[in-house]
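This report describes the architecture, confidence, packing and chain contacts of the structure shown below.

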Amino acid sequence: MDGFAAAASALSQMESADDELTAPILEAIPVTGAAISTLGDFLGTQTVEASDQLAARLDEVQFDAGEGPCWDALALRAPVLQPDLQATMQRHWPAFADAVAAQEIGALFAFPLLIGPLRIGALDLYTVQPMELGTRDTKRSEVLASIVSRHVLRRAMQTADSVIDTAEDRAPNSRRIIHQATGFVIAQLGISAEDAHLLIQGQAFAQSRSMREIAEDLLARRLSFERADNAIEDAR
Amino acid sequence: MNELTRDERLVDVFATLADTLIDDYDVVDLLQTLVDTCASTLEVAAAGLLLADDGGELEVLASTSEESRLVETMQLGAEAGPCIESFRTASVVSVPDIEQARPEWHEFRAAAREQGFTGVYAVPLRLRETTIGALNLFLDEHRSLGERDLRAAQALADVATIGILHERTLRASDAARAQLQQALNSRVTIEQAKGILAYTHDVPMEEAFELLRHHARSNQLPIALVARQLVDRAIIF
């Protein structure tokens, strides 16, 4: 098993909320540091984990400035690659550029954390020297980011005060409805049953409603994950 | 319909079920056949089979109709009604007149009445000292079941129990538990597959289930397997 396969497997199998998500990523991708953050209204904006001080700082600066590669990656639902950050950042993100001008950063690569239509956050990777990430490592980072997305959403729901799995949701008839709605989401997005279930759970969590309510909306076709929930993609 | 014809039909039913049990079979298919034949031979309006999950909660595993109100009525009976009563006491619960049902079963009574049912019977699925679920029979037009009908129903319920737990696993309770859980899990996949078909074909759940069954039958595959393939997106129809 090569480094990437080992990292993907290690990431996939993580169960404890204490496990470091960035460690396997740094073993597989040749970068200096990594930071994982949640962004936007859905889970709030905060750093979930950073492998070092500078990685954490890079995230914070983007939060404060309200702009930067991580925001763009999430809005575009695509990686934002800056192999020579110092050369390009002033033009793209002036406020962010002013704040990090003094830092030793060569390259910054931001990957969106997504589950279906849900925008969770971003994975930021940086290097001290400017560097091209390359097609293979870009693809690999995207795969790792997709695994990270699921962990971040699960952990956020586990630690939340709000009850996501209500007694109502556990009743057999509710479960049946939730399973049927899971089928709707599988058909809508072509994703696995596990992801479809997580998506319904995430939606319930985001709206402080029960999974059954979300499921009923799906079955009544009042809600569909197929339709883009906002126009960001269309705007590009 | 005279008594003899019904007896003959019952013999056929048991012969078919016995044949199934000898061969490799799928438990979901078996239970579906069982509720369907139960309804036709005993001439009841609807039949449903409920199994207890790990938490002891009863869940509809097979039903003559997947219509959601019917399934919900059965679930209500599993919360407060004849079904849970039968499960707890391991005995047949007869309510020939739904209006005479206990006051604490009012939610179930209202739902059953709304479905046009006038009577309900619940027969336990027993395995030695434990009960694993219950068979529900719903009647309309004020018809009732006699002693012989209930004996036949209990025999059908026993066949279901054997079918679910497999004879060879009867000795090990852990294996029986796993078998039971597997049956319940396959129901999860079937519900998801129904959802996929209902969405793709834009049809009600009831019809989605028929599509699933039809595909399984015409390809001679177990329903649970076809459902699994749909959910894994290995097939599309």
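## Overall architecture

Along its sequence, chain B of this predicted model follows the pattern α-α-β-β-α-α-β-α-β-β-α-α-α-α. Its secondary structure amounts to nine helices and five strands. Of the 237 residues of chain B, 46% count as buried. Among the contacts in chain B with a separation of 6 or more, 60% join residues 24 or more positions apart.

Chain A contains 12 helices and five strands. It comprises 236 residues, of which 45% count as buried. In chain A, residues 24 or more positions apart account for 66% of the contacts with a separation of 6 or more.

## Confidence in chain A

Chain A has a mean pLDDT of 88, and 92% of its residues reach 70 or more. Confidence in this chain is highest in strand 3 (residues 80-82), at a mean of 97, and lowest in helix 12 (residues 232-235), at 32. The pLDDT is below 50 over residues 228-236 of chain A, a stretch with seven contacts in the model beyond near neighbours in sequence. Where pLDDT is low, the predicted coordinates should not be read in detail.

## The largest nonpolar core

The largest nonpolar core has 145 residues, and the members that touch the most others are Leu135(B) and Leu137(B). Domain 1 (3-159) and domain 2 (167-219) of chain A both contribute residues to this core, so the core lies between them. In soluble globular proteins, nonpolar side chains tend to be buried together.

Which residues are in contact with Leu135(B), leaving aside its neighbours within four places in sequence? They are Ala47(B), Leu49(B), Val123(B), Leu125(B), Ala153(B), Leu156(B), Ala157(B) and Ala160(B).

## Gln154(B) in helix 6 of chain B

Gln154(B) belongs to helix 6 (residues 147-165) of chain B. Because 17 other C-beta atoms lie within 10 Å, Gln154(B) is partly exposed; a buried residue would need 20 or more. Apart from neighbours within four places in sequence, Gln154(B) is in contact with Val92(B) and Val123(B). Val123(B) is also one of the contacts of Leu135(B). Gln154(B) and Arg126(B) are 28 residues apart along the chain, and their C-alpha atoms are separated by 9.4 Å.

## Helix 1 of chain A

Within helix 1 (residues 3-13) of chain A, the buried residues are Ala7(A), Ala8(A) and Leu11(A). Viewed down the helix axis, these buried residues fall within an arc of 95°, so they line one face of the helix. An α-helix has 3.6 residues a turn, so residues three or four places apart point the same way.

On the other side of helix 1 of chain A, Ala5(A), Ser9(A) and Gln13(A) are exposed. The cover over the buried residues of this helix includes helix 2 (22-28) and helix 7 (135-159) of chain A.

## Contacts between the chains

Between the two chains, 19 residues of chain B are in contact with 14 residues of chain A. On the chain B side, strand 2 (58-63), helix 3 (68-79) and helix 7 (173-201) are the elements that give two or more residues. Helix 7 of chain B gives the most to this side, with nine residues. The residues of the side of chain B that touches chain A divide into nine nonpolar, four polar and six charged.

Notes: Residues numbered from 1 in each chain as written. Chains lettered and ligands numbered in written order. Predicted model: local features only at pLDDT ≥ 70, side-chain atom pairs only at ≥ 80, totals over all residues. Core = buried A, V, L, I, M, F, W, Y, C linked by C-beta atoms within 7 Å. Buried ≥ 20, exposed ≤ 12 C-beta atoms within 10 Å, placed from the backbone. Domains from an automatic or database assignment. pLDDT = per-residue confidence, 0-100. Helix = DSSP H or I, 4+ residues; strand = E, 2+ residues; numbered from the N terminus. Arc of directions from axis to C-beta. Nonpolar A, V, L, I, M, F, W, Y, C, P; charged D, E, K, R; others polar.
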